[in-house]
Amino acid sequence: MRHGFSLVELSIVLVILGLLTGGILAGQSLIRASELRSVSTDYQRYLAATLAFRDKYFALPGDMANATSFWTSAGGTGSDSTCQNAPTNGTATCNGDGNGIVMNIAAGSRESFRYWQHLTNAGLIEGNYNGKLGNTLGLNLPKSKINNAYFYPWQGGYYPGDINTFAGDYGNNIYRFTSITAGAAPFAPEEAWNLDTKLDDGKPGGGSIYTYKGDGTTTFCTTGDTLLPPADANSAYRLELSGKGCALIFLRVF
C-alpha cells in the first residue's frame, strides 16, 4: 500500500520552508546593515585618532618626520628607502617627510602604510601593523567588517604625475574606502547613497563625500562623472542598479 503526504502536511512543510527562507534573508539584511554602520563608525574613529595624534605629536601619522625619535628606526637612516623596505619588528618604524600630506609618491615613501603603524604605536587604534607597502588586511591595513574592503589615507588634491586628479584641491588629505580586489567595489549604489545621506548630502558629486562613477567609462555607480574635471555636480546615484559598483571618497581634511 502506497502512502503520500496529505495537503495539510505539504502546507505545513511549505510554511516552514517559507519561515526559514524569510529568516535567512532577514538575517543577511541585518548583517549587511551592521557592516554598513561599521564604515561610518570606523571613519569617525580613524579621524578622531588622527586629530588626537596631531595634537600630541604636532604631526600627522605616517608623515611624521621624527617618528624614529619616539619608536626607534626599522633600518637605514630612518628616512630612506632602506628603512621603508626593512622588516619591521614591534614598534620600530620610519619617518615621513613632514610636508603635511600623507602620500606614497616620493621615492621610498610609504606614508599611507606607516600611517596605521604610527597610530597603533601611539596607542590610538587597535592592531599591529608593519608599516610596509602591501595590501594585506590585518598586516599593513586595518580590516573592515565589509569583506575585502579597507580605509586608505590619501593625498586628494592636484598633484603632478598623479593619475587620480580630482576636480579641485580638497585640502590635501582624504580617506578612500574601496575594495582590496582590483576592479571591485564594496557598495551597491543604494548602499553608497544611504551612507552619503547619513553622513553628508546624499549627492555623489557634492559635499564632503564623493564617489567614482564606475571604471572611467561606464557609469556603474552614478549618472555622471563626479571626480575628473569637468565634474558633474548634478550627478546622482544609480539606485536602480543592484550590483556593487561604488567606492567612497571622504574629503574631510585632517
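## Close-up views: salt bridges, a strand pair and aromatic rings

**View A. A salt bridge joins the side chains of Glu35 and Arg32, with N and O 3.0 Å apart.** The term salt bridge means a side-chain nitrogen of Lys or Arg within 4 Å of a carboxyl oxygen of Asp or Glu. The model is predicted: local features need pLDDT of at least 70 and side-chain atom pairs pLDDT 80 or more, while totals for chains, interfaces and linings use all residues. Residues are numbered from 1 along each chain as its sequence is written, and side-chain values use heavy atoms, with hydrogens and water left out. Glu35 and Arg32 lie three residues apart in helix 1 (residues 7-57), so about one helical turn separates them. Helices (H or I, at least four residues) and strands (E, at least two) are DSSP runs, numbered from the N terminus. Glu35 and Arg32 are both buried. Buried means under 20% relative accessible area, exposed over 50%, and partly exposed in between (1.4 Å probe, protein chains only). Arg32 and Glu35 also belong to a salt-bridge network with Glu191.

**View B. Asp42 and Arg45 form a salt bridge in which the closest N and O atoms are 2.7 Å apart.** The two residues are three apart in helix 1, so they too sit about one helical turn from each other. Asp42 is buried, at 10% relative accessible area. Arg45 is partly exposed, at 38%.

**View C. Glu240 and Arg238 meet in a salt bridge, with 2.8 Å between the closest N and O atoms.** Glu240 is exposed, with a relative accessible area of 55%. Arg238 counts as partly exposed, at 24%. Across the whole structure, a search finds four salt bridges.

**View D. Strand 1 (residues 149-155) is largely enclosed by the rest of the structure, because seven of its seven residues are buried.** Which residues cover each face of strand 1? One side carries Ala149, Phe151, Pro153 and Gln155. The other carries Tyr150, Tyr152 and Trp154. All of these are buried.

**View E. Strand 1 pairs with strand 2 (residues 173-179) in the antiparallel sense.** Two strands pair if DSSP finds at least two bridges between them. Here the pairing runs over seven bridges. Tyr152 stands opposite Arg176 of strand 2.

**View F. The whole structure holds 18 aromatic pairs, according to a search.** In the pair Phe53 and Tyr57, the ring centres are 4.6 Å apart and the planes meet at 40 degrees, so the pair is tilted. Phe53 and Tyr57 are four residues apart in helix 1, so about one helical turn separates them. Both Phe53 and Tyr57 are buried. Phe70 and Trp71 form a pair with ring centres 5.9 Å apart and planes at 45 degrees, so this pair is tilted as well. Rings of Phe, Tyr and Trp (its six-membered ring) pair if their centres lie within 6.5 Å; planes under 30 degrees apart count as stacked, over 60 as edge-to-face and the rest as tilted. Phe70 is partly exposed, with a relative accessible area of 46%. Trp71 is buried, at 9%.

**View G. Nine named residues make up one aromatic cluster: Tyr43, Tyr46, Tyr115, Trp116, Phe151, Tyr175, Phe177, Phe187 and Phe250.** Phe151 of this cluster is one of the buried residues of strand 1.
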